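Here is my note on the structure, as numbered points. Please read it with the model open.

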Number of protein chains: 2
Amino acid sequence: MDIQQVARRANVSTATVSRVLNKSPKVKASTLEHVKRVIAELDYIPNTSARNLRRGRSRILGLIVSDINNPFFPELIDNFEALARAHAIDVIFSHTNYEVDRLRQCIRRMVERNVDGIAVFTSEADQASFEFARARKLPLVLMNQDGPRSSFHNINVNHRTGAIEAVEHLYELGHRRIGFIAGPGQFQSTRDRRSAFVAAMAKCGLAVKKQWVVEGDLHLQGGYAAMLEILRSSPCPTAILSTNDVMAVGALQAARSVGLAVPGDLSIIGFDNLPVCTMVTPPLTSVDIPRRDIAGHAFRMLLEAFEQLHAEPLATPKVLTQLVVRGSTAPPAAGRRK
Amino acid sequence: MDIQQVARRANVSTATVSRVLNKSPKVKASTLEHVKRVIAELDYIPNTSARNLRRGRSRILGLIVSDINNPFFPELIDNFEALARAHAIDVIFSHTNYEVDRLRQCIRRMVERNVDGIAVFTSEADQASFEFARARKLPLVLMNQDGPRSSFHNINVNHRTGAIEAVEHLYELGHRRIGFIAGPGQFQSTRDRRSAFVAAMAKCGLAVKKQWVVEGDLHLQGGYAAMLEILRSSPCPTAILSTNDVMAVGALQAARSVGLAVPGDLSIIGFDNLPVCTMVTPPLTSVDIPRRDIAGHAFRMLLEAFEQLHAEPLATPKVLTQLVVRGSTAPPAAGRRK
DNA sequence: GTTGGTTTTGGTATCGATTACATTATGGCA
DNA sequence: TGCCATAATGTAATCGATACCAAAACCAAC
């Protein structure tokens, strides 16, 4: 079933059928109708490989994330894909499991597939893989990866605004001793959040104590362990900010395991604002990362890039994070000053 | 950058380069080496559109789920994609948002992309879309969609084994009054779970009371509302089985909101065994659906189908569900008989 | 009934890789 | 050395759709 059969059946040339398929304006209304009917009759679907080969474009975008099991990503993927669908673009999706080698493989495979652009939402980054894409003039959108890679399209997620709101919120509740559960240093995103915390503390005139900043593995266990370690210090912090929600939940469980009430004895704030925030008890106060906006920007940038509306790199969109207050924060036990 | 340039640079014909690319055994070792080096030098990547056009296959599989935001799916997707990667196959991914029309669109788009097969993990199903695929001899794997569609490959997930374990577990703890939070009737999966519950109750010789079976929308709110409604009955059940974990968490919150302790006053069991089970307090006892196995079967079936190892439909694999006991179940308050 | 201009349609080279078939190189042995 | 079988390589048709260019159809005006 190919375009020739349709052409034969409709008594026109393949060129005319092609014009109908591509909604070319210069087809007589009657032929248009007729050809359309034949196409429907035969249930004909054009061969995308042939089309792509000829056109040099694929109408496929690549989407790479670190870890699909991380509940941060589904909403982002969802939104990206919805936009793509609306533009009749397909999405090839892959994840790296936080490994740099896999990122390289992913990009390579997507290049083989002739994708029209790639959005890379990974915490780890690899200059070489990016160069590989650049050499092929393939549009690439990254997240918070400026600096040496600034020639790629970049989406700037400002973790500071949310971190500042979080620390100010705690400060206003009366907290002065605030700890932080950090993430592994090799990830850009966790580094960003750590420095956002430091900046926020500075802004409120609070000191960052080394023994109150402990690294976790981003999973439940890591948060649990980190919390226990922080609680071994003396004096203890009265509030904790966590690099992500999952570890915040771990921290919550750890606090409870040693008999501390949340938020009575300890306030906890997470990062990400995942659905799980409303499922735990107490519901978790968290810094929201606007995933829909991020997906939207990424898609729009790729679309514009490969439609060549802009030869120049687009302006870097800035996305602000924002505190969502729920039940895991309250005045510290000692003095309910506010 | 195409195969001709490589051929020219290596002083061989395109046929030879192609043979090298496809690991054909009849290339002299020295030429093989040489051509490989040139390919590496030029950073040449073959054009997949051309290759697919010629070969008539795409090495792309389609994967359709209802809702990527439903935490049931990520692990399944993850596993499917990992297997695909291992076989150098790409995955185009899409979701239907539970809408039948979108399912049809998804399948159509995937056919246009020349996918070699599609795995459909949706709760809703649409005969017409499936026929569309069948007419093109496109392998399709469905989940629990036998009966009239039995000519497609099907994976049979047995919800009964898990439901029976769940009800028996409650029975042994001493529960006799057991309620059920059902899901919307239009989904195959929720119907399956409901009838599994009924069967399990029968097996234990327990009656299913109408007022203890209430339908929820599969979301947190739905579970919350359904639980409140069930609690309005008198006498109340002492234990609840929920169609999914998310509603079970809603039920947990509802119980707590009216002053009931879980598991002290009310035992709760969910379905799915999502990560969130370990995050809530108390951790949720749940029926595990082996998502890895499902993904594995689906992938294997598609692979075998499109490699034509089997002209005949493959045997329908059966996947058993299993209870995972955690902290949300305990003997009923009245009599701790066990 | 021409002519000239505008629509509409058709013929065909082309995209880049694969592969059947043709051709040339290689090596073993008399 | 010469011949033949076999291994290695090359030539060119092919996959299905697109788009350039040319041809044909159409129409209006003289």
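What share of the contacts in chain A with a separation of 6 or more comes from residues 24 or more positions apart?

1. The answer is 71% of those contacts in chain A. Keep in mind that this is a predicted model.

2. Next, the overall build of chain A. It has 12 helices and 12 strands. Its C-alpha atoms fill a box of roughly 90 × 40 × 30 Å along the principal axes. The radius of gyration is 26 Å, whereas a compact globule of 338 residues would have one near 20 Å. Of the 338 residues in chain A, 47% are buried.

3. Now a helix pair in chain A. Helix α2 (residues 14–21) and helix α3 (residues 29–42) have axes that come within 10 Å and cross at roughly 90°. On the α2(A) side, the contact uses A:Thr16, A:Val17 and A:Val20. On the α3(A) side, A:Thr31, A:Leu32, A:Val35 and A:Lys36 take part. By type, the contact residues are four nonpolar, two polar and one charged.

4. Over to chain B. Which residues of helix α4 (residues 48–55) are buried? They are B:Thr48, B:Ser49 and B:Asn52. These lie on the same side of α4(B), because they cover an arc of only 100° around the axis. An α-helix has 3.6 residues a turn, so residues three or four places apart point the same way.

5. Look across to chain A for part of the cover. The buried residues of α4(B) are covered by elements including α4 (48–55) and α6 (100–112) of chain A.

6. Check the end of the helix too. Just after α4(B), B:Gly56 takes a positive phi of about 75°.

Conventions:
Residues are numbered from 1 along each chain as its sequence is written. Chains are lettered from A and ligands numbered from 1 in the order in which they are written. This is a predicted model: local features need pLDDT of at least 70, side-chain atom pairs count only at pLDDT 80 or more; totals for chains, interfaces and linings use all residues. A residue is buried if 20 or more other C-beta atoms lie within 10 Å of its own, exposed if 12 or fewer, and partly exposed in between; C-beta atoms are placed from the backbone. Helices (H or I, at least four residues) and strands (E, at least two) are DSSP runs, numbered from the N terminus. The arc is that of the directions from the helix axis to the C-beta atoms. Two residues are in contact if their C-beta atoms, placed from the backbone, lie within 7 Å. Axes are lines fitted to C-alpha atoms, for helices over the stretch in contact, and angles run from 0 to 180 degrees between N-to-C directions. Ala, Val, Leu, Ile, Met, Phe, Trp, Tyr, Cys and Pro count as nonpolar, Asp, Glu, Lys and Arg as charged, and the others, Gly among them, as polar. The radius of gyration is taken over C-alpha atoms; the globule rule is 2.2 Å times the number of residues to the power 0.38.
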